[in-house]
Amino acid sequence: MRILISGASVAGPALAYWLTRHGFSVTVVERAPAPRKSGGHAVDLFRPAMDISEKMGVLARIEERAVGTKRMTLRREGARRPVSVDLSKIFGAASDRHVEIMRDDLSEIYYDATRDDVEYVFGDTITAISPDGEARFEHAAPRRFDLVVGADGLHSTVRRLIFGDEARFSSHIGAYLGVATLPNQARLDSELRIHVGVGRTAGMYGARHLGDARALFLFRSAHELDYAHHDVARQQQLLRNTFRGMHTEVDGWLDELDRTPAFYFDSITQLRMDTWSRGRVTLVGDAGYCPGPAVGGSTTLAVVGAYVLAGELGRAGGDHERAFPSYERVMATHVSGSRAFALSAARTLIPASRLGVSGLVQGARLISALPAVPGRAFVRLTTKGARLYNSMTVEDYPGDQLGVD
């Protein structure tokens with residue numbers, strides 16, 4: 001049985017790995033000309049994704065590539081002195097199994113785990129999918145597949161082809177995210193520097209193995225901004241207009257934007273669909289249920305979704321009419337919880353008032369000041385996201401070859 005996956009970032013290779021374990025023949029098509037190394041940003045893997053990665057035999061590589069952020073310096077806009085926070089105290093109390101890793105590193109690890117067993121087609125994209133499974137491509141000749149899976153992110157081509165325009169399903173939560181790869185002039189190693197003001201938060205972090213640093217810009221907007229997805233100059237100007245004058249350090253980050261080798265900008269948007277499947281096609285990860293980039297734990301959700309989808313297809317012997325509804329039922333609670341958490345996280349990370357800014361800073365100060373035992377207890381009460389994702393339970397699907405043909 002042949003399955004086509006669109007997208008070779010995280011969900012696509014993870015899904016390909018488990019599908020091959022269940023005996024399916026898998027092809028992955030990716031628009032980029034090669035495995036992506038575009039800079040990216042750090043993503044969180046919580047316990048369920050760590051457990052799945054361990055079953056894949058790649059946990060050691062993931063832990064080797066961990067960003068390892070241990071300290072945070074938080075400065076309120078206009079304040080003279082920053083607050084220093086021991087992040088290891090927060091991570092240790094929030095989750096007994098958690099890694100922060102660059103998205104591109106994770107993608108590479110999953111790709112390496114599948115490249116010998118999966119057909120990868122780079123530099124191409126799907127342009128049409130017929131009800132009987134014939135896929136047409138921008139460059140390659142048409143091919144027929146039994147099933148097609150969109151693992152191609154928030155702006156999914158597969159979703160657009162099958163379900164229609166993205167605007168029908170996207171819910172803008174009033175915030176935007178920018179990420180830039182910049183020189184690590186401050187020699188940040190395992191440190192995150194954050195500047196927070198009303199409606200805007202900027203930060204930078206680095207790690208020894210990166211060689212450079214990542215600057216992050218999060219801000220609120222009362223209305224949706226007018227920009228094209230590929231108009232980098234316009235996107236960078238939006239960041240300059242929003243963050244200029246916040247702090248001399250942030251101004252320095254903005255001055256480097258013209259020279260960044262890798263840049264990302266997008267709205268923080270949730271996808272809200274009644275179903276992720278239609279006929280022989282389904283969606284996984286951000287393509288189907290993105291809770292919000294940078295605020296919703298979408299990477300853990302994508303890894304879990306890939307594992308569940310492959311497991312349900314394996315259990316059903318490839319019968320998508322049984323497997324797709326089961327997959328959606330299993331993931332429904334996880335997706336709903338992630339959406340709710342993302343809205344809460346956005347309010348916390350980008351405070352909308354001076355009171356919200358003060359609350360964020362005071363909370364960080366309290367965590368730093370409390371002794372170890374009560375500090376851990378306080379963190380457990382306040383790290384809702386980690387508790388949400390760590391509480392996800394995932395069934396053990398048989399990993400042996402099921403001989404599906």
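## Helix pair α10 and α11

The axes of helix α10 (residues 298-315) and helix α11 (residues 320-349) come within 8 Å and cross at roughly 155°. This angle makes α10 roughly antiparallel to α11 (over 145 degrees between N-to-C directions). The contact (heavy atoms within 4.5 Å) includes Leu301, Val304 and Val308 of α10, and among its α11 members are Phe324, Tyr327 and Val330. By class, 11 nonpolar, five polar and three charged residues form the contact of α10 with α11.

## Basis of the model

The model is predicted; local features require pLDDT of at least 70, side-chain atom pairs count only at pLDDT 80 or more, and totals for chains, interfaces and linings use all residues. Residues are numbered from 1 along each chain as its sequence is written, and side-chain values use heavy atoms, with hydrogens and water left out.

## Buried side of α8

Within helix α8 (residues 248-255), Val250, Asp251, Trp253 and Leu254 are buried (under 20% relative accessible area, 1.4 Å probe, protein chains only). These residues cover an arc of only 155° around the axis, which puts them on the same side of α8. The arc is taken from the directions from the helix axis to the C-beta atoms. Packing partners of the buried α8 residues are β12 (170-182), β13 (191-197), β14 (200-206), β15 (213-220) and α7 (232-243).

Thr157 belongs to helix α6 (residues 157-163) and is buried, with a relative accessible area of 12%. Leaving aside residues up to four places away in sequence, Thr157 touches Arg31, Thr125, Ile126 and Asp152. Thr127 lies 30 residues from Thr157 in sequence, with a C-alpha to C-alpha distance of 8.0 Å.

Conventions
Buried means under 20% relative accessible area, exposed over 50%, partly exposed in between (1.4 Å probe, protein chains only). Helices (H or I, at least four residues) and strands (E, at least two) are DSSP runs, numbered from the N terminus. Axes are lines fitted to C-alpha atoms, for helices over the stretch in contact, and angles run from 0 to 180 degrees between N-to-C directions. Angles under 35 degrees count as roughly parallel, over 145 as roughly antiparallel, 65 to 115 as roughly perpendicular and the rest as oblique. Ala, Val, Leu, Ile, Met, Phe, Trp, Tyr, Cys and Pro count as nonpolar, Asp, Glu, Lys and Arg as charged, and the others, Gly among them, as polar.
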